There are 2 protein chains.
Amino acid sequence: MENITDKKRAIFESTLVLVKEKGFHGTPMSQIAKNAGVAAGTIYHHFDSKETLILELYSYIRDKMLDAMLQLDNEAMNYKDRFFNFWISHCLFYIKNPNALFFMEQFVNSPYSNRDPLQDNERFQNTFRDLIKTGVETGVLKSVNSLILSALIHGTIVNTAKIHLCRRINMGQAELQQIVELIWDGMRNIPNASKV
Amino acid sequence: MENITDKKRAIFESTLVLVKEKGFHGTPMSQIAKNAGVAAGTIYHHFDSKETLILELYSYIRDKMLDAMLQLDNEAMNYKDRFFNFWISHCLFYIKNPNALFFMEQFVNSPYSNRDPLQDNERFQNTFRDLIKTGVETGVLKSVNSLILSALIHGTIVNTAKIHLCRRINMGQAELQQIVELIWDGMRNIPNASKV
DNA sequence: GCTTCCCAAATGAACGTTCATTCGGTCGGC
DNA sequence: GCCGACCGAATGAACGTTCATTTGGGAAGC
């Protein structure tokens, strides 16, 4: 029942795991091939080069994440619940897919991410940004540049997942909830807030 | 008037710039040497290997950062001011030393950072953690695991600096101040906070 | 003061390895 | 028998590292 796509996926998964463990530099194409159960040459039937493979893997992961996000989002919820739901489900996605998280983190901090226009990256960022923008415009969130706000919030999500995964700090639903509350307290607009 | 240390520093600086631009993988020793104005072999008089060079550069940067932090900290301040001062000066350090920031970010997301015990890394993390711990213990900050809190806050600092450096969002003292306020609102303990 | 010797610092061509990529060939479906 | 998918040994370039050699300056001997 193995078709073309399955082989491609095997290559993707193999690359993902190896890059997480060894970094881009430390993962030879030969080992990607071996772990994927294919020959070295086969990779070049599916991808032009190692760089292309990495770039396409990035898009692949990004799309998988976007799907997961959109599936869990519920526009009918009130804003706070939607914010919480979004934050937590996003965070849980990272926690459940550590390979994806570490790959993404390495990727965005590498020269790969600057070579490509990454234009359709926009769709991913916008999904998130729109939620924040709505919050700012309706006065639920603080009146801060929504680009800055969404980047900050995304940072807290990634960070929380990393803390959970790297340090040995037990972090269940309760702790996650505590952290979102904290983020929310920072981001939300406090009408009666006038002090020196 | 050039002594041993100057050569080492030249190698460090050269590595820092190249790693930022091209990543660990993309910076050959030969180019590090060329940009530092030394011969390839010279690097090996000062460092055992490329890995050692990277590891030592990491320590070098970390210590420079620690010095900058400690110099600006003022234990006599009241807690909130001290928190703000710390956050902002830390953030400004990153903004003024983008090469250091991007190097560190690449480093911690690379396999290098797991190979080494990094025991004296503790001293760096503790400086920050102690400030947060004090806040939690005196009830100024929310009663959350201080390890988590300090990691979260450090994340916001790094993130803010990156937003400033990567996106073209103008971010002066005023915007920075706005962001710390926001972080502070999230982290501080709100005594009369009981709601559902 | 001059010469000699010494050694650490520095050099850069050469080496051996590793790795991305290529290519001639096999196999199975149509 | 043709075609696309797949294989894996072969290739060649790039890279980290080595080493025989040069350089420069300071100490010792006279």
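1. B:Glu56 is partly exposed, at a relative accessible area of 31%. B:Lys8 is also partly exposed, at 27%. (Buried means under 20% relative accessible area, exposed means over 50%, and partly exposed lies in between, with a 1.4 Å probe and protein chains only.) B:Lys8 and B:Glu56 form a salt bridge, with their closest N and O atoms 3.6 Å apart. B:Lys8 sits in helix H1 (residues 4-22) of chain B and B:Glu56 in helix H4 (residues 50-72) of chain B, so this pair ties together parts 48 residues apart in sequence. (A salt bridge is a side-chain nitrogen of Lys or Arg within 4 Å of a carboxyl oxygen of Asp or Glu.)

2. A word on the basis. This is a predicted model, in which local features need pLDDT of at least 70 and side-chain atom pairs need pLDDT 80 or more, while totals for chains, interfaces and linings use all residues. Residues are numbered from 1 along each chain as its sequence is written, chains are lettered from A and ligands numbered from 1 in the order written, and side-chain values use heavy atoms, without hydrogens or water.

3. How many salt bridges does the structure hold over all chains? The total is 13. One of them crosses between chains: B:Lys142 pairs with A:Asp185. Their closest N and O atoms are 2.9 Å apart. B:Lys142 lies in the loop between helix H8 (121-137) and helix H9 (146-166) of chain B, and A:Asp185 lies in helix H10 (residues 173-187) of chain A. (Helices are DSSP runs of H or I with at least four residues, strands are runs of E with at least two, and both are numbered from the N terminus.)

4. Is A:Asp185 buried or exposed? A:Asp185 is buried, at 7%. B:Lys142 is buried too, at 14%. A:Asp185 also forms a salt bridge with A:Arg188, at 3.0 Å between the closest N and O atoms. A:Arg188 is partly exposed, at 26%.

5. Now the DNA. There are 14 residues around DNA strand C, and A:Met29, A:Lys50, B:Ala39, B:Thr42 and B:His45 come nearest. (A residue is near a strand if one of its heavy atoms lies within 4 Å of it.)

6. Which atoms meet? A side-chain N or O atom of A:Lys50 is 2.4 Å from a phosphate oxygen of DNA strand C. For A:Tyr44, the distance to a phosphate oxygen is 2.7 Å. B:His45 reaches a base nitrogen instead, at 2.6 Å from a side-chain N or O atom.

7. Both chains take part in this surface. Helix H3 (40-46) of chain A and helix H3 (40-46) of chain B each supply at least two residues. H3(B) gives the most, with four residues. By class, the surface has five nonpolar, seven polar and two charged residues. (Ala, Val, Leu, Ile, Met, Phe, Trp, Tyr, Cys and Pro count as nonpolar, Asp, Glu, Lys and Arg as charged, and the others, including Gly, as polar.)

8. Last, chain A overall. Chain A has ten helices and zero strands. Of its 196 residues, 47% are buried. Among its contacts with a separation of 6 or more, 71% join residues 24 or more positions apart. (Contact means heavy atoms within 4.5 Å.)

Notes: Polar contact = N/O pair within 3.5 Å; in protein donor to acceptor, adjacent residues only side chain to side chain.
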